[in-house]
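Take a look at the sequence and the structure below.

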Amino acid sequence: MANQLNNIEELVDKDEKLIDIWGRRNPKFEKRYEESVIRVLSQYGKRANETTNDKGKIFGNGYEPYIIAFFIGLYENKRIPLSENTDDLKGFGYPLQYWGDFESRGLRKQYPALRSYIFIALVAKTDIDWIALDKGDIKVSTVVASLIETMEEYANYGFSFMEEKLKSDPGYFFSHRSFLDIFLQLTNKQANNYTEDEKPEEL
């Protein structure tokens, strides 16, 4: 997997890697999820310890629920395009290259490697002609835009999933097993969907 990532990075040029260009981007989300999901689960838009209620939030940074939403969409393999109205969209104002670099409320360690996992997943799930990129037939900016679009659409599905969970049970995500249970369910669902030819070989 590491070799695959290195090869893709080298397609840009020797001084700048594709993952670094992608890392400067600030993916968007639909504003309607700001109140219904992001602020419910994180301290997004608030100073730490600003209110008593914020002390009970699961996440510190607003991009952390975004990461969860992305992986829900990825594991479900479901994408929802963002609204075409730019007034409906918003970014965190915090480029991807910094996501996970700071400890969250002193309780969560840094997790910068997660950015590489997200990037690799986007490369695998985005239809890009890497040979054309290598030849210069398509622009790097076009490739990065496609990767970001894939990320946004997976996260958009994830947010819709999380919103529905919160509507049916406002305390659902405040269980210490909630996210583990979701991903175990999605993983089991994926395994059950394999055909006989697709099933991984047992070790």
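The side chains of Glu 163 and Lys 167 form a salt bridge, with 4.0 Å from N to O. Keep in mind that this is a predicted model. Both Glu 163 and Lys 167 belong to helix α7, four residues apart, which is about one turn of the helix. Helix α7 covers residues 140-168.

Are the two partners buried or exposed? Glu 163 has a relative accessible area of 10%, so it counts as buried. Lys 167 has 58%, so it counts as exposed. The cut-offs are under 20% for buried and over 50% for exposed.

What does Glu 163 touch beyond its neighbours within four places in sequence? Glu 163 is in contact with Arg 32, Tyr 33, Ser 36 and Val 37.

Lys 167 also forms a salt bridge with Glu 164, where the closest N and O atoms are 3.8 Å apart. Lys 167 and Glu 164 are three residues apart in helix α7, again about one helical turn. Glu 164 is partly exposed, at 48% relative accessible area.

Now turn to another salt bridge. Lys 90 pairs with Glu 34, and their closest N and O atoms are 3.0 Å apart. Lys 90 sits in strand β2 and Glu 34 in helix α3, so this pair ties together parts that are 56 residues apart in sequence. Glu 34 is buried, at 9% relative accessible area. Lys 90 is partly exposed, at 27%. In total, the count comes to nine salt bridges.

Next, the nonpolar side chains. In soluble globular proteins, nonpolar side chains tend to be buried together. Here, the largest nonpolar core has 50 residues. Among those with the most contacts inside this core are Trp 22, Phe 70, Leu 147 and Phe 159. Helices α2, α3, α4, α5, α6, α7 and α8 each supply at least two residues of the core. The largest share, 12 residues, comes from α7.

Leaving aside neighbours within four places in sequence, Phe 70 is in contact with residues including Ile 118, Leu 122, Met 151 and Tyr 154.

Finally, step back to the whole chain. The protein chain has eight helices and two strands. Along the sequence, their pattern is α-α-β-α-α-β-α-α-α-α. Of its 203 residues, 42% count as buried. Take the contacts between residues at least 6 apart in sequence: 73% of them join residues at least 24 apart.

Conventions
Residues numbered from 1 in each chain as written. Predicted model: local features only at pLDDT ≥ 70, side-chain atom pairs only at ≥ 80, totals over all residues. Heavy atoms only, no water. Buried < 20%, exposed > 50% of the residue type's maximum accessible area, 1.4 Å probe, protein only. Contact = heavy atoms within 4.5 Å. Core = buried A, V, L, I, M, F, W, Y, C linked by side-chain atoms within 4.5 Å.
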